[in-house]
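Let's take a walk through a protein model together. Keep the picture open as you read, and look for each spot as we get to it.

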Amino acid sequence: MTTLNKIILIGNVESNPVDKVTTDGLNISEFNLLVKRPARADGLESQSDLIPIVARGQIAEKTSGLNTGSSILIEGHVYTKVIEEPNG
């Protein structure tokens, strides 16, 4: 069975991107994207999700013009981290 890990998000930049460069010279840009979900037909009000975005390389260089409130479309992959506490 083939699998697919792809996501497309449309939202507004919640905070100005933080640009970094790794020791290897790779550009990294981190920011939060505010994505609104519309109200549902069953009466549930609209809600918003705040999604952390990490852009690398040439894509990170293109985020330098983004500011808080900028509307953008993001296409990428979902990555998750598991952080274990020292106590288990």
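Searching the whole structure, which is a predicted model, turns up three salt bridges. The idea behind them is simple: side chains of opposite charge can pair when their charged atoms come close.

Start with glutamate 75 and lysine 6, whose side chains meet in a salt bridge with 2.9 Å from N to O. Glutamate 75 sits in strand 5, while lysine 6 belongs to the segment before strand 1, so this pair ties together parts that are 69 residues apart in sequence. How open to the outside are these two? Glutamate 75 has a relative accessible area of 52%, and anything over 50% counts as exposed, so glutamate 75 is exposed. Lysine 6, at 47% relative accessibility, is partly exposed.

Next, find glutamate 30 and lysine 20, which form a salt bridge where the closest N and O atoms are 3.4 Å apart. Here strand 3 brings in glutamate 30 and strand 2 (residues 18–21) brings in lysine 20, so the parts tied together are 10 residues apart in sequence. Glutamate 30 is partly exposed with a relative accessible area of 31%, and lysine 20 is partly exposed too, with 42%.

That leaves arginine 37 and aspartate 49, and their side chains meet in a salt bridge at 2.8 Å, N to O. Arginine 37 is in strand 3 and aspartate 49 is in strand 4, so this pair links parts that are 12 residues apart in sequence. Arginine 37 is partly exposed, with a relative accessible area of 39%, and aspartate 49 is partly exposed as well, with 29%.

In soluble globular proteins, nonpolar side chains tend to be buried together. Which residues make up the largest nonpolar core here? There are nine of them: Leu9, Val13, Phe31, Leu33, Val35, Ile53, Leu66, Ile72 and Ile74. Strand 1, strand 3 and strand 5 are the elements that give two or more residues to this core, and strand 3 gives the most, with three.

Zoom in on one member of that core, isoleucine 72. If you skip its neighbours within four places in sequence, isoleucine 72 is in contact with Leu9, Ile10, Gly11, Val13, Phe31, Leu33 and Leu66.

What about empty space? Rolling a probe the size of a water molecule over the atoms shows where empty space is left. In this model, the largest pocket holds about 860 Å³ of space. Its lining has 25 residues, and the closest to its centre are Ile53, Val54, Ala55, Ile74 and His77.

Strand 4 gives the most, with six residues. By type, the lining of the largest pocket divides into 16 nonpolar, four polar and five charged residues.

Finally, head for the start of the chain. Threonine 2 lies in the segment before strand 1. Is threonine 2 buried or exposed? With a relative accessible area of 77%, threonine 2 is exposed.

Key: Residues are numbered from 1 along each chain as its sequence is written. This is a predicted model: local features need pLDDT of at least 70, side-chain atom pairs count only at pLDDT 80 or more; totals for chains, interfaces and linings use all residues. Side-chain values use heavy atoms; hydrogens and water are left out. On a 1 Å grid over the protein atoms alone, a cavity is a set of points where a 1.4 Å probe fits but cannot get out, and a pocket is an open set with protein on both sides within 12 Å along at least five of seven lines; lining residues have an atom within 4 Å of a point. Grid points are joined across faces, edges and corners, and a volume is the space filled by probe spheres set on the points. Helices (H or I, at least four residues) and strands (E, at least two) are DSSP runs, numbered from the N terminus. Ala, Val, Leu, Ile, Met, Phe, Trp, Tyr, Cys and Pro count as nonpolar, Asp, Glu, Lys and Arg as charged, and the others, Gly among them, as polar. Buried means under 20% relative accessible area, exposed over 50%, partly exposed in between (1.4 Å probe, protein chains only). A nonpolar core is a set of buried Ala, Val, Leu, Ile, Met, Phe, Trp, Tyr and Cys residues joined through side-chain atoms within 4.5 Å. Contact means heavy atoms within 4.5 Å. A salt bridge is a side-chain nitrogen of Lys or Arg within 4 Å of a carboxyl oxygen of Asp or Glu.
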